[in-house]
Amino acid sequence: MMLSELIVYLTAGHPNKEEFLKFAREISRTVDAMEIGIRPRIAKYDGPVIRRSYLVAGGYTRKELIAMASGLSSYMVALTYLDDLIDDELRLMKSSGYSAVLIPDLLIDYPERLAETAQLVSSSGLKNALFVTPFTPDSYIDAASRLADAFLYLGIRPSTGIPTPVDVGKVVKRIRERHRGKLVVGFGLNESEIKVALSSGADGIAVGSSIVSALEKDREKALELVKRLREVVDSV
Amino acid sequence: MVEFIPKRWFNIIPKLPKPLPPPRDPEIDRSSIEILNRILPEEVLKHQFTVEEYVDIPSEVVDAYRAFGRPTPLLRATKLEERLSTPARIYFKFEGALPTGSHKLNAAIPQTYYALKEGNSEVVTETGAGQWGAAVALSSSYFGLRSVVFMVRSSYMQKPQRRQLMELYGSTVNPSPSDLTKVGMRELKEGNVSGSLATAMGEAVEYALDRGAKYMVGSVLDVVLMYQSVIGQETIKQLEVLDVEPDVLVGCVGGGSNFAGFTYPIINSFPDKEYVAVGASEIPKFSMGVYRYDYPDSARILPLLKMITLGVDYRPPPIYSGGLRYHGVAPSLSVLITEGVVKAAEVDEREAIEAGRMFARLQGIVPALESAHAVAYVIKRALEAKEKNERINIVFNLSGHGLLELNNYTEVT
Ligand SMILES: Cc1ncc(COP(=O)(O)O)c(C=O)c1O
């Protein structure tokens, strides 16, 4: 049986360039992939922790933030809103060693641009990680499923890091039934929800806010948290 | 014998033609989505965020629906057809048959039920004219909860009967603005004594946060629309028994809950029919509104919703149809209108009152003024059918009766 994947989200340049690089290297062997958040102009679907991290990561251009993560992990996913993405950033992501791109607002605010954007990402030599939510209609889950050659990412809450009550099992099963490829689940999962997500059919889980929040204060604590998450994921 | 009361609620979100934009947090250091965790019953919030096409209705809630008279009747307005000499047939679902006089009870029952089940003893809400407040008052007394209602002071003074009905059900009714909350005291200090729905909402939310009471939501949120889906599901079965396939479906829109509850299950079964959402011309959200993220409440406490809106600071003129005086349209209904699945229309209050009078004289039922907007559109559409000689079936939702606001009919001549 394949082990489930742990994907850790980090905001590029947070809490500062040195700490970010150091932490990313320290966890690179514990995690299966890293999701690197490139500061947007408006953090539309992020909770307070991630929003704050973007402010802290100020002072760099987006291109500098993209390039900062160069070669940090064998599987890096760039996270950017479509509002901010410009064409040559995709090329820079490719040359900086990213494997895939995740665009959370694509199916929320620009569903009509799904095919065109996925094509643009592919032609830059990157894979598509497509973001869906519990609010995504069946027809769009099917369309995204066909185009997601990296994975489908299910953000189970409307905002990162806000613990709204969700029946994780039901939400994951609904998407699992429509998607055969890799399914990653994230957005504010606690330990027991991680277990529910994995046992309901998710192939991997993504964790962001809690790690970013720990990293704000204490790198050692953040490291311990990643190790702990690895154990939880491997225990299912 | 067909069992008419549905056992599941229907949620249209998985079937929408375009993705529904989720609620969004407005600020960096405060999360309105987090505030929902503290004021709503957990199960209600879970229903809001766990999207499934069908959700089982707890048997206690089905029992309450039955006890209060569900299924409501589906009637044919034969005398109105005759008077209009239209080839169209006109049917209506009569939600005014519920004891508090409107569809609002459908959403109050589950919310009070979950509040009780989660160990709460008190619920709180706001009301304008009093339809929502009365629904919360009755379902609270049915389940044995205390209820507190902040009622817009101008209605509190002008509509004593609705206040008395809430008090009869055991509710504590406070005129808003009140001195029970900071929001209220601020308004009183500034001399805004007559109040508004937004202020009353702010007071109810503050009361819930301070006293640990659960806040009951009357419209707009997707979960409320889902709780109303019993209306349309019953209608489908009732039409089946009559062997009638609907062609045109009509309802009035304040926040969108009765319209959605009535039409969404039907849209799911008959996607290509003519669906018409009727608003008030005096609150021109369909003709002048913009589809964007906006606050649902002017206290700006709840998260931003993407909807057709006149802007949260828009001040609706003082028309009698209190239930239609709202700046926005529920997010899922906004998607359906933007995508052209649902057509929008506007009717002014004079037309609504005339249509309501005509309906009362021919069919006996006095429509609530909100519902009379739907009646006015139906009459227009039936006359159009006459011109085109269309033998169509028009079905509309008569969301409530107007017996406690008869002065609305007599004051306008
Ligand atoms: C009888 C009646 N109909 C319609 C409405 C409008 O609300 P909604 O659009 O949520 O059904 C109200 C609101 O108070 C009402 O009382």
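Predicted model: local features only at pLDDT ≥ 70, side-chain atom pairs only at ≥ 80, totals over all residues.
Altogether, 17 residues surround the ligand, and the closest are B:Ser219, B:Gly254, B:Gly256, B:Ser257 and B:Ser399. Sorted by class, this shell holds twelve polar residues, three nonpolar ones and two charged ones.

Let's look at some individual contacts. At B:Gly254, a backbone N or O atom comes to 2.6 Å from an oxygen atom of the ligand. B:Gly255 also has a backbone N or O atom facing a ligand oxygen, here at 3.1 Å. With B:Asn258 the side chain takes part: one of its N or O atoms is 2.8 Å from an oxygen atom of the ligand. As for cover, the ligand taken alone exposes 390 Å², and the protein buries 94% of that.

While you are in chain B, two peptide bonds deserve a stop. As a reminder, most peptide bonds are trans. The bond joining B:Arg70 and B:Pro71, however, is cis, with omega about 0°. You will find B:Pro71 in the loop that runs between helix H3 (59–67) and strand E3 (74–76) of chain B. A cis bond also joins B:Ser176 and B:Pro177, where omega is about 5°. This proline, B:Pro177, sits in the loop between strand E7 (172–176) and helix H9 (182–189) of chain B.

Now turn to chain A, where eight strands close into a barrel in the order E1-E2-E3-E4-E5-E6-E7-E8, with parallel pairing. From one strand to the next, the twist averages 25°. In general, strands of a sheet pair through backbone hydrogen bonds, in either a parallel or an antiparallel fashion.

For a close view of one pair, take strand E6 (residues 151–155) and strand E7 (residues 183–186) of chain A: they run parallel and are joined by four bridges. Here A:Gly155 stands opposite A:Gly186 of E7(A).

Most residues other than glycine have a negative phi. A:Phe187 lies in the loop between E7 and helix H9 (191–199) of chain A, and there our tour ends.

Note on methods
Residues numbered from 1 in each chain as written. Chains lettered and ligands numbered in written order. Heavy atoms only, no water. Near = heavy atom within 4 Å. Polar contact = N/O pair within 3.5 Å; in protein donor to acceptor, adjacent residues only side chain to side chain. Areas by Shrake-Rupley, 256 points an atom, 1.4 Å probe, with all protein chains shown as cover. Nonpolar A, V, L, I, M, F, W, Y, C, P; charged D, E, K, R; others polar. Pairing = 2+ DSSP bridges. Axes fitted to C-alpha atoms, helices over the stretch in contact; angles between N-to-C directions.
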